[in-house]
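User: Can you walk me through reading helix packing here? Start wherever you like.

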Amino acid sequence: MRDSKNGSRSTLIVTLVALIALAGWVVACKTGGSSSDVMGGGDANSVIQERGLTPDDVYAAVKTYMPTGKHDEYLIMSSGGHSGQMMVIGVPSMRLLKVVGVFTPEPWQGWGYSNETREVLAAGRVEGRDITWADTHHPALSESDAEYDGDWVFINDKAHARMAVIDLRDFETKQIVKNPIALSDHGGAMVTPNTEYIIEGGQYAAPLGWSYASMEAYESDYRGMVTLWAFDRATGRIDPERSFALELPPYWQDLCDAGKGVSEGWAFCNSFNTEMALGGIESGNPPFEAGASQRDMDYLHIFDWKKAAELVADGRASQINGFDVLTLDVLTEEGVLYFVPEPKSPHGVDVSPGGEYFVVSGKLDPHVTVYSHEKIQQAIAEENFSGTDQYGVPIIDFDAAVETQIELGLGPLHTQFDDQGYAYTSLFLDTAVARWTLGGPYESLNPDAPWTLVQKLGVHYNVGHILAAEGDTASPDGNWLVALNKWAVDRFQNVGPLHPQNFQLIDIGEAGQTMQLLYDMPIGLGEPHYAQMIKADKIDSWDVYPEIGWDPIAQAVDENAVQAGEERIERNGKNVEIWMTAVRSHFTPERIEIQQGDKVVWHVTNIESAKDATHGLAIPAYNINLSLEPGESTTVEFEATTSGVYSYYCSEFCSALHLEMLGYLLVEPES
Amino acid sequence: MERLVGPRLSSEELRRRKAEFVLPTLCFLVAALLLVISILTPYWRLELQAPQYPKGLEVKAYLNHLDGDVKEIDGLNHYIGMRPLGEAAQLEQSLSIIAVIAIALLVLGAIVIHNRNAALLALPALLFPVVFLADMYYWLHNFGTNLDPRAPLSSSIEPFVPPILGKGVVGQFATVALPDAGLILATLASLLILVGLYFHRQAYKPLVERRRRQRGSESAPEAGRENGSVA
């Protein structure tokens, strides 16, 4: 099958190359081949020969090349890893379109320099400290009926258990919330099918609220958790008042996923230290890596989030740091939480498009284990439990819950789906992506036998997450798969010992053993974890703000926005308030004379409405750089503690007279 | 009275030469209608093309306002010291709607005038497109030749008159000025008026002359006195 596919592909390539060559010849003839400023006219065949490209290379090039002015079909929203940002990447070109400031200051976007954006970042302070980095892991696009709706993206910070809300109308962060009961998370962000809740599963157990307890008290005082953040579409904000958490045993919960279709209302989280290992390698104890890997099975957590929400509404929650938490007693008493054994130290739990199955990968087990929602529900109804754990949580019998296990290879991690009944699982140790078939309702979608491995494709190297086009929704699109590789080793030019990560685009358009690697994209920003790929036409974003004077945080006209002619400076004692406009190529006012010690409130409105007519406002020495996109209004406050002459200027090249777009801030010394 | 409005038709005459009388009426009616419709549409537009504006910029001149990328064009124009476009032709803009309705009513009035005075009533409408363009030219000239000498680019641009119709160049912009729907409708109205006046003459001139002959024979004895009084 592979050979015949390659055969037809070769024919296609020869035809394409011939067409390109012919087109080149036509252009060359038309222009006489003499004009140096005419594009084209090159001989594609000689380029292919000179560069030593194979037919597969040419196919990959033709599949991914994006001519100028053409747009990509899909957008990837990717974790920016340690940068605390989110990347936006086009598919199939794999071009980086934007790096959105989220948890950390981002100078170009003025993110974290204006009053409004400082306030958003301040909500992410931990114990009063500014946190200047984040370990962003899993972005989650908002969903309606378990389909991406293109409105919002949520992303977590594993290091501090924080969650951020990004609005896709302007690709800007609007809110950061800090989890009041946990310091680390991992199983977030995942959304329920209509974005009622954003799931944030914990990771490293600690006393809830991370107050002190010695490790001797691990089993009694340390706890895991999963938080359900209630999202309000009307305000575009997470509502902490309506949010709540589930107290869980201290098993180090890992990834989560929300049920959909037949399993809507349920959610699933892995765990990987049911041994409750305490570490202590320095004292001769087994290190965590060994201690947490002793048992053959850990517990997949299965919980009924709708019932949990009802219990919270009925006042059954306890308060920890002012946050609603359903304790283990309530969860077990009310039948909210169940466990089912899963091969040890698992990483991903991924729900099939229709919600019938969930796929768990035990990192140290060469199989993926496929659970049946129907069987689990039947086991719960029949109380087919093999017992309870020491915290009283019922454990569903493994054999009663499992649909099948499929041997794929070493180090299975994460699974995605396509529209042809295939599932794709990343194999970290094999450094490959496995294509395998689903059974049941998916059996008829491809010619391969159900529940079997079809193809393994090597990737470079040590793949973590993978993502397929809308591959975790109710109707995956197929066509494209991206492997998010942790190591690049030899894939790129050496740029020092800290190598870029490698995003590899894979063609999954055809059935059978036809997966082909298309493109390597280096990521030199941080270590991204998960990403999601959405059809680009689902996102309806603004190219300029809808009205002059727009406050992007409030998504409304700013009361301090001014139009041309309304600019002014007002003094009230030591307080100086400035209302400024920016337009090509001047600020109004251009001279601001104040006294040392004055408190300055500086409003500035970009009164432009042309695409790309963005202005910056840089105020050197006072650590201020604002980005004023067309129509945007923003405010910055500072105390003029030092005297001197400060030339403020436009920091975004806006026009031929951009350099002339400046003003003087004159701070007269205190007498 | 008859001298002003021309001879009235007898019903017998109307029956006999119906088609001839209907034609000018129809032309004037449609012309008036087109003029009124033209109020709702732009009369003139200017398209500006530059590499960094792939979709171009456009300003549309309606009789009473400007539409399109006026703000952006004004923003760019400040570099050469041109005044904001909205300051042009303010008097004309405030009067134009009433004026066009008035001249359309005059055209309707021409329907009931059965002598050459009909042409006088239709004349403002007939000339309206030319008047519009002449006024437009005046303002383009006024704006293009009264540039602020202190503007950033004043030393690198000479005063100029943008073409009222056709192509021009300003800085990196290639401009095209085009008549828009309103001006086309108004021009059609003018043509219809011309055609209407021709049919009007065909239909009523024989009547007018017959009446004159009749009047001549009826009042021949008094002709001398009448002539004398006129003299």
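**Reading the helices**

Analyst: The buried residues of H7(B) are covered by, among others, H3, strand S1 (44-50), H5, helix H6 (117-145) and strand S5 (173-179) of chain B. Helices (H or I, at least four residues) and strands (E, at least two) are DSSP runs, numbered from the N terminus. This is a predicted model: local features need pLDDT of at least 70, side-chain atom pairs count only at pLDDT 80 or more, and totals for chains, interfaces and linings use all residues. Residues are numbered from 1 along each chain as its sequence is written, with chains lettered from A and ligands numbered from 1 in the order in which they are written.

User: Which residues of H7(B) are buried?

Analyst: Buried means 20 or more other C-beta atoms, placed from the backbone, within 10 Å of the residue's own. In H7(B) that list includes Leu183(B), Ile193(B), His200(B) and Tyr204(B).

User: Where is the kink in H7(B)?

Analyst: A bend is the angle between axes fitted to the seven residues ending at a residue and the seven starting there. In H7(B) a kink of about 40 degrees lies at Tyr204(B), shortly before the proline Pro206(B).

User: How do the axes of H3(B) and H5(B) cross?

Analyst: Axes are lines fitted to C-alpha atoms, for helices over the stretch in contact, and angles run from 0 to 180 degrees between N-to-C directions. Here H3 (residues 18-38) and H5 (residues 90-111) of chain B come within 8 Å and cross at roughly 170 degrees. They are therefore roughly antiparallel, a label for angles over 145 degrees.

User: Which residues meet there?

Analyst: Contact means C-beta atoms, placed from the backbone, within 7 Å. Phe28(B) and Leu35(B) are among those in H3(B), and Ile101(B) and Val107(B) among those in H5(B).

Terms used:
Parallel < 35°, antiparallel > 145°, perpendicular 65-115°, else oblique. Contact = placed C-beta atoms within 7 Å. Buried ≥ 20, exposed ≤ 12 C-beta atoms within 10 Å, placed from the backbone.
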